Amino acid sequence: MACRLIHASVLALLGGFIVPPVAGQVRAVPDVVKPAVEDRQRPLEPYQVRMAGLLGERTALGERNRLLTIDEDLLLDGFRKRPGEHPWIGEHAGKWLHAATLTWAATGNATLREKLDRVAGGLIAAQSPDGYLGTYLDKDRWTSWDVWSHKYDLIGLLTYHRYTGHEPSLAACRKIGDLLCATFGREKRDLVKAGTHVGMAATSVLEPMVLLYRATGDKKYLDFCGYILWSWDQPHGPKILSTLREGKGVHQVANGKAYEMLSNLVGVCELYRTTGDRDLLPPVIHAWEDVVAKRLYISGSASQGEHFKEDHFLPNDDKPHIMETCVTTTWIQLCAQLLRLTGEPRFADELERTMYNQQLFAQRPDGGDFAYFNPLEGRRAWKPFGQREIHCCRSSGPRGLALAPTFLYGTDPDGAVVNSYEPGEARLDLAGGGHLRLEVQTRYPVEAAVRLIVHPDRPRSFALKLRVPPWSRRTEVQINGEAIPEQPDAGAYLLLRREWKEGDWIALHLDTRIRLVKGEPANPGKAALMKGPLVLALDDAPAVLTLNGSLPAETRPISSVSIDPAALNAGEGATLDTRPFVREWSSIYEVFACWPGGPSQPDAKTRTSKVRLVPLAVAGADNSQYRVWIPLAKPDCGG
């Protein structure tokens, strides 16, 4: 059967969302130290990718309504007027610098660059002569969240230096690194005791200290990283790697605090890349597998009350405060690290799940806020954005979104890799030499058809690897209009090796029929519905939850609806015109459902009809109630 194709480019339609920098304006500063382990899949820099779909839209909204509007004094006053308003106030400037720098590198927004320069300059100006760049009084240094804040100083300033070449930022980072090395060590102050959560907050400085070593070549920073690993196995230490090497779950590591633990594991990935120590990677992969198998929500995040809890404990309401946005962002970082190090598509699978669902669900649709916690049923917890309102997740959320361009595509020794099908384009430097521009025309993930147009600098032979999502059981592929003979394997990369010429094109049609995901063991007797990578939700907004326009008002609460699994086999469900309700890159979907007769007809037979669902990314946007997990209909549903 011939593929159904997108014949009109959506790039022209949505080109206003992300405008890449002028060619040559941004170039990443290379590391001084070459990693000992080459990435199996090299990521792209933000300025090499143009996003023109759902992720591009949300990035543009976040840039305009969050990154550009935040009060600069709010970011810097804790450093200028010590002590700060709360113990971790110092994290926000570095988090903002990280997110805003990556975003600017992708968009080239001159106003954002001006703000970047002011915030970086203001942060550096607040540094003490000895290198201290925290928000504590001298007598309280290195307690509570002080090292943690220095971690984010380093991450923010190192990122800013990497994409701007601003040498004073690197000098400030050196001064922080020197102070940390002079303060903490085996015969010095104990780093584990300098932070919260069994020391995991303080020791998560591992990641930027590895990056500082690679940026400078100063070995004392690498030695400090070795000290951090040693400190974990002290009697009072968190024993992160040793616990995981014993095969235990992440909930059994230290006190199970998810955000801090994942931050440390991201640092271990960077240390493995830098040193090549083969003992470092297996426990990290074990932790990732443990989360995916036993602790990951269908939307792509984890945690209850900010901690990892027992196996398959996945409550849906917000009473246990589920899915902290800081955890979501750090999970994205860990998945991206493991994708780079292994090149395995399973890590890209989880990145796509998280980005199109949980990451966008946490973000208010206008881009101006990120929720702290994110229940899968109830109402959203966004608040009206104010310049003086800030918390850890409002600062972490933009970081996760800003990372998207770095893993949508990649390169490896064979050629180019496409991990997801956000419309737009990418410019890749091939490992074998030469350059490639890939153009992606699609309305994915709303629609199933994808068209990729290949623009090499000259005719070249290389492999193009296309990720076939694990949910796409039948994937149709054409090259220049001719169908390939083999059926691509779901959950793997489809390898297309040939000589590629200007204008060659590949068409994919992914199997995005609505499918039912049963809730066992965490949600017995319930199911969720997905279309492609999108988790769908019931929503009682008037524009959404109507059953053929005739559902009695007393039966409209979403708690009365159940899903008829047999009816899903009839087709993929209707996609409705949604422009009056949500933006271009979301849709409303119809499936068959059941509902009781209602209070006015207590003896009425249960009926079957259609129910409308929306992507989780927009659920609850109108302060309406929503839910993801829906009871399965009884066998006698019908009539």
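Predicted model: local features only at pLDDT ≥ 70, side-chain atom pairs only at ≥ 80, totals over all residues.
This short talk walks through one protein chain, from its overall make-up to some of its details.

Let me begin with the chain as a whole. It contains 16 helices and 22 strands. There are 639 residues in the chain, and 63% of them count as buried. Taking the contacts between residues at least 6 apart in sequence, 72% join residues at least 24 apart.

I turn now to how helices pack. Two packed helices are described by the angle between their axes and the distance between the axes. Our example is helix 9, residues 206-216, with helix 10, residues 219-232. The angle between them is about 160°, and their axes lie 7 Å apart. Helix 9 is therefore roughly antiparallel to helix 10, since an angle over 145 degrees is counted in that way. The crossing of these two helices is left-handed.

Which residues make this contact? On the side of helix 9 they are Leu206, Met209, Val210, Leu212, Tyr213 and Thr216. Helix 10 contributes Lys219, Tyr221, Leu222, Phe224, Cys225, Ile228, Leu229 and Trp232. Sorted by class, the contact of helix 9 with helix 10 holds 12 nonpolar residues, 1 polar residue and 1 charged residue.

Helix 10 has a further partner, helix 12. Here the packing angle is about 130°, and the axes are 12 Å apart. Helix 10 and helix 12 are therefore oblique to each other. Their crossing is left-handed. From helix 10, the contact uses Leu222, Cys225, Leu229 and Trp232; from helix 12, it uses Asn264, Val268, Leu271, Thr274 and Thr275. By class, the contact of helix 10 with helix 12 has 6 nonpolar residues, 3 polar residues and no charged residues.

Let us move to a helix with a rather particular setting, helix 16, which spans residues 392-402. Is helix 16 largely enclosed or largely open? Of its 11 residues, 11 are buried, so the helix is largely enclosed by the rest of the structure. Its buried residues include Cys392, Cys393, Arg394 and Arg399, and also Gly397, Pro398 and Gly400. Among the elements that cover them are helix 2, helix 4 and helix 6, together with helix 12, helix 14 and helix 15.

A disulfide is a covalent bond between the sulfur atoms of two cysteines. How many disulfides does a search of the whole structure find? The search finds 0. Cys326 is buried, with a relative accessible area of 0%.

Cys181 gives a second case. The closest cysteine sulfur to its own is that of Cys225, at 8.3 Å, so this pair too is too far for a bond. Cys181 is counted as buried because its relative accessibility is 10%, and the limit for that class is under 20%.

Next, some points about the backbone. Where do cis peptide bonds occur? One runs from Arg82 to Pro83, with omega near 0°. Pro83 sits in the loop between helix 3 and helix 4. Another joins Tyr444 and Pro445, where omega is about 10°. Pro445 is placed in the loop between strand 7 and strand 8.

The loop between helix 13 and helix 14 also deserves a moment. Ser303 lies in this loop, and its phi is near 100°, a positive value in a residue other than glycine. Met323 is found in the loop between helix 13 and helix 14 as well, with phi near 55°, again positive in a residue other than glycine. Ser303 counts as buried at 1% relative accessibility, and Met323 is buried with a relative accessible area of 0%.

Is Ser169 buried or exposed? It is buried, with a relative accessible area of 0%. Leaving aside residues up to four places away in sequence, Ser169 touches Ile124, Leu157, Tyr160 and His161.

Thank you for your attention.

Notes:
Residues numbered from 1 in each chain as written. Heavy atoms only, no water. Axes fitted to C-alpha atoms, helices over the stretch in contact; angles between N-to-C directions. Helix = DSSP H or I, 4+ residues; strand = E, 2+ residues; numbered from the N terminus. Parallel < 35°, antiparallel > 145°, perpendicular 65-115°, else oblique. Left-handed = near helix turned anticlockwise from the far one by under 90°. Contact = heavy atoms within 4.5 Å. Nonpolar A, V, L, I, M, F, W, Y, C, P; charged D, E, K, R; others polar. Disulfide = S-S within 2.5 Å. Buried < 20%, exposed > 50% of the residue type's maximum accessible area, 1.4 Å probe, protein only.
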